[in-house]
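Let's take a walk through this structure by way of its side chains. We'll start with charges and then turn to rings.

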Amino acid sequence: MPAFTLYGSRGSTNTDRVRLTLAEGGFTDYELVLLNLQKGEQKSQDNLSRHPFGKIPVIVFPSGFTLYESRAVCKYLARKYSFPLLPSDSAVEAAALLDQAQSVEMHYFAEPAGRIAFEKFAKRFMGLPPDDAVVSQALQVVETFFDVAERLLKEREYMAGGEFTVVDIFYIPLIQRLFACGYGDVVRSRENQNNTPDLSFPDKMDGLRDLATSSFQLYNKFRDPIPKTEDESKIQVFRISSSANENPEISNTFVPEDSLPTPTRYDDPTPGKHPRATLQMTIITRGHDEVIGMSKPNFLRLFDSYNLDPFTLNYISQNFYGFHSSLTPHNGAYSVLIGTVPFTIVFSFNPTTLATSAILLARVYNGLTSGKQVVQEFTRILQQYAERVDTPAILALVALVHLGQWQDGVLYKSLQMIRSAEDVSGYGPSGRASERVDIDDLLGVQWRIGEIVLGLANVDRHHDIAQSLFGYLESQVMRGGGDQVVGSNEGLADVVNVLRQQFSGANSTAKYLRERTECHSAVVSSSESVKGETG
């Protein structure tokens, strides 16, 4: 029997806070029960009996002892199992400083950072738009906090003093969430400046990686290990090999998933001095039901052989839409994940071997094009920059180019649909005067308006992803510096600037179409009401 049961949820920063504490203490003798927050399982009678406010996490011992509130749980577990994360009982002053540091974390960091996470992360899964005013205000408070924390960390090693404690763990989940929401520069811009310790706690990333790996074991949306046909077992592998003195070598093959090749690496102890850079991208379908078109054992073997950061497994299982960039290397490679409606791509880049290894999960249908079309377009764009595979910026750039094309396609489709709706109803710039419009036709118009609104909401969401990609590309291409920034970035700055103009124009178009759609919806709704009363 496990020592206790931890009730939590996948993607919950509060749950991660407890699990990180357990990982730091090397404690594994517990049962993890994940509740589905989207289904409201935290408000069930069972959970209300554990937590009177219907929240998570909660720990329950066989004796019946129950404890909730993540920080209280972390401190209790550290004390009960003697994790080296708390001052000794006799160190009264150190204990007082820890309580003070915990209060600082809760009120000056977690509160505003939590608001950003809710608006920019949680609302995505609720189908709601973020409140940009709330985000802007909270971001100012977070930046002020880091200004103060930066000064404090010039005088001490950690937030509560000279030793790593539970308080430092308390910060990690929400700092990670800030990166996921596209606000990593709040932390990254302060890294290693003026001898300030790294606020992202890179030496503690192994705990997050272990948590992601164990949680992913519960994710089972994979194709059956035994394919129905021989063709179904074939997986596409796209490769580029490039050097300064030769034309790039490009290959595109289909191989059985049990025989997927490992990436070719040209190991050299001197960074950037070997003659050839490589990129290998394995392409896998992802269905409407999120099922990944490969068996789970083969997927995990592929993931491991590509030196991809295990933390990104969190985002793959959550079907995450957004951007994540690892600040610390895993097996010598830095990982990036980009999640969009058409595709998710996760790749690693080793700055020593100049090897890029990627998995592209192409959605079977994204509301505009098929997965096959996405793959064809993505690889076509990638071939245009084949000589640049010695830089980690290249796949991010290709993803941004593709995202811009997909976004423009959605906007054009939305424009065609609003014109069609106006033609039927007789209202708007494309409307034709009509003495009478059938009520069923108006209902059909409202259905089209709903589809338009959904498409424009996706454009808004992907505009935020694009801004994160611009930030990453500018750090790689324009500012330079850091372990990841190597390779032939010359000339890419001009491409990035052109793409920024493209997305700015698309943002204006989306705003216009949204206003046009809202006006049309209001008129049609009014007409339906009148026709319903007089019909």
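A salt bridge here is a side-chain nitrogen of Lys or Arg within 4 Å of a carboxyl oxygen of Asp or Glu. By that rule, the structure holds twelve salt bridges. Before going on, keep in mind that this is a predicted model, where local features need pLDDT of at least 70, side-chain atom pairs count only at pLDDT 80 or more, and totals for chains, interfaces and linings use all residues. Residues are numbered from 1 along each chain as its sequence is written, and side-chain values use heavy atoms, with hydrogens and water left out.

Let's begin at Glu 290. Its side chain forms a salt bridge with Arg 363 at 3.2 Å, N to O. Glu 290 sits in the loop between β7 (276-286) and α9 (296-305), while Arg 363 belongs to strand β11 (residues 355-363), so this pair ties together parts that are 73 residues apart in sequence. (Helices, H or I with at least four residues, and strands, E with at least two, are DSSP runs numbered from the N terminus.) Glu 290 also bridges to Arg 286, with the closest N and O atoms 3.7 Å apart. Through shared partners, Arg 286, Glu 290 and Arg 363 join into one network.

Now hop over to helix α11, where Glu 377 and Arg 380 are three residues apart, about one helical turn. Their side chains meet in a salt bridge of 2.6 Å, N to O. Glu 377 is partly exposed at 22% relative accessibility, and Arg 380 is partly exposed at 41%.

On to the rings. Rings of Phe, Tyr and Trp (its six-membered ring) pair if their centres lie within 6.5 Å; planes under 30 degrees apart count as stacked, over 60 as edge-to-face and the rest as tilted. That gives 27 aromatic pairs. Take Phe 109 and Tyr 171: their centres are 5.2 Å apart and their planes at 40 degrees, so the pair is tilted. Phe 109 lies in helix α4 (residues 92-126) and Tyr 171 in helix α6 (residues 166-180), so parts 62 residues apart in sequence are tied together. Both Phe 109 and Tyr 171 are buried.

Phe 343 and Phe 378, by contrast, pair edge-to-face, at 5.3 Å centre to centre and 75 degrees between the planes.

Definitions and conventions:
Buried < 20%, exposed > 50% of the residue type's maximum accessible area, 1.4 Å probe, protein only.
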